[in-house]
Amino acid sequence: MNEYESSGIAAGIGVVGGIIYLAIIVIFIAGMWKVFEKAGKPGWAAIIPIYNLIILLEIVGKPMIWILWLIIPCVNIVFAIWLYNLVSKSFGKSEGFTIGLVIFPFIFWPILGFGSATYLGPSAAEAQNGGFGNNPFNNPNNPFNKPFGNQDTPNDTPPPVV
């Protein structure tokens, strides 16, 4: 094989790889577009770079200061994963779906957009009052909520006098 044949093969691989890459990007954007429309936001916002983050923050009900956190290097990784978790919670999905959104966004955004998931609201009421930012003392499953003593069988008899 001479140098002309190998460069032609490399060019072919590059073109095919570029086409596959563009197809994945189109699928990702189409899924995100449908998610925005399900949440009652304009779908075209999915293709505008910073504006799509603003719309995602509106979808999950977080303040606009998060834009700052989402554009600072290294900090943005943590906040982007947190934002994806809040998006999945807003559509009634679990943390496993969040992992899918982070690792395979070109698969899980279309599942969220074209699937049967319905928009429940800002982070689905912080994941049914068990998520971040909630008062832990309002949680009925919190062991610190229980009053002292055994309240299931109250003792009406006074203690013995010694």
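Buried means under 20% relative accessible area, exposed over 50%, and partly exposed in between. The legends below refer to a predicted model.

**Figure 1. Overall fold of the predicted model, with seven helices and zero strands.** Along the sequence, the elements follow the pattern α-α-α-α-α-α-α. Of the 162 residues in the protein, 28% are buried. Among contacts with a separation of 6 or more, 46% join residues 24 or more positions apart. The exposed surface comes to about 10,700 Å², and carbon and sulfur atoms supply 69% of it.

**Figure 2. A nonpolar surface patch of about 1,000 Å².** Its members are Val16, Ile20, Ile24, Ile77, Ile81, Ile99, Val102, Ile103, Phe104, Phe106, Ile107 and Ile111. Helix H1 (3-38), helix H4 (75-90), helix H5 (95-103) and helix H6 (105-114) are the elements that give two or more residues to the patch. Ile20, one of the patch residues, is found in helix H1. With a relative accessible area of 48%, Ile20 falls between the 20% and 50% limits and therefore counts as partly exposed.

**Figure 3. The aromatic pair of Tyr84 and Trp109.** The protein has ten aromatic pairs in total. In the pair formed by Tyr84 and Trp109, the ring centres are 5.5 Å apart and the planes stand at 80 degrees, an edge-to-face arrangement. Tyr84 belongs to helix H4 and Trp109 to helix H6, so the pair ties together parts that are 25 residues apart in sequence. Both Tyr84 and Trp109 are buried.

**Figure 4. The aromatic pair of Phe97 and Phe108, with Lys93 over one ring.** The ring centres of Phe97 and Phe108 lie 5.1 Å apart, and their planes are at 80 degrees, so this pair is edge-to-face. Phe97 is part of helix H5 and Phe108 is part of helix H6, so the pair ties together parts that are eleven residues apart in sequence. Phe97 and Phe108 are both buried. Lys93 lies over the face of Phe97, at 5.4 Å from the ring centre.

**Figure 5. An aromatic cluster of Trp66, Trp69, Phe79 and Trp82.** The view shows the side chains of these four residues, which form one cluster.

Figure 6. Leu101 has a relative accessible area of 0%, which is under the 20% limit, so the residue is buried. Leaving aside residues up to four places away in sequence, Leu101 touches Tyr84, Ser88, Phe108 and Trp109. Leu101 and Tyr84 are 17 residues apart in sequence, and their C-alpha atoms are 6.7 Å apart in space. Among the residues that Leu101 touches, Tyr84 and Trp109 are buried, as is Phe108.

**Figure 7. The salt bridge between Glu37 and Lys34 in helix H1.** Side chains of opposite charge can pair when their charged atoms come close. The protein has three salt bridges. In the one shown here, the N to O distance between Lys34 and Glu37 is 3.9 Å, which is inside the 4 Å cut-off for a salt bridge. The two residues are three positions apart in helix H1, a separation of about one helical turn. Glu37 is partly exposed, at a relative accessible area of 39%, and Lys34 is likewise partly exposed, at 30%.

**Figure 8. The salt bridge between Lys41 and Glu58.** The closest N and O atoms are 3.2 Å apart. Lys41 sits in the loop between H1 and helix H2 (49-60), whereas Glu58 is in helix H2; the pair links distant parts of the chain, 17 residues apart. Lys41 has a relative accessible area of 25% and is partly exposed. Glu58 is also partly exposed, at 36%.

**Figure 9. The salt bridge between Lys89 and Glu95.** The closest N and O atoms of this pair are 2.6 Å apart. Lys89 counts as buried, at 13% relative accessibility, whereas Glu95 counts as partly exposed, at 44%.

How values were computed. Residues are numbered from 1 along each chain as its sequence is written. This is a predicted model: local features need pLDDT of at least 70, side-chain atom pairs count only at pLDDT 80 or more; totals for chains, interfaces and linings use all residues. Side-chain values use heavy atoms; hydrogens and water are left out. Patches are made of residues with over 30% relative accessible area and no salt bridge: like charges are joined within 9 Å, nonpolar side chains (Val, Leu, Ile, Met, Phe, Trp, Tyr) within 5 Å. Accessible areas come from the Shrake-Rupley method with a 1.4 Å probe; for residues, only the protein chains shown count as cover. A salt bridge is a side-chain nitrogen of Lys or Arg within 4 Å of a carboxyl oxygen of Asp or Glu. Helices (H or I, at least four residues) and strands (E, at least two) are DSSP runs, numbered from the N terminus. Buried means under 20% relative accessible area, exposed over 50%, partly exposed in between (1.4 Å probe, protein chains only). Contact means heavy atoms within 4.5 Å. Rings of Phe, Tyr and Trp (its six-membered ring) pair if their centres lie within 6.5 Å; planes under 30 degrees apart count as stacked, over 60 as edge-to-face and the rest as tilted. A charge sits over a ring if NZ of Lys or CZ of Arg is within 6 Å of the ring centre and within 35 degrees of the ring normal.
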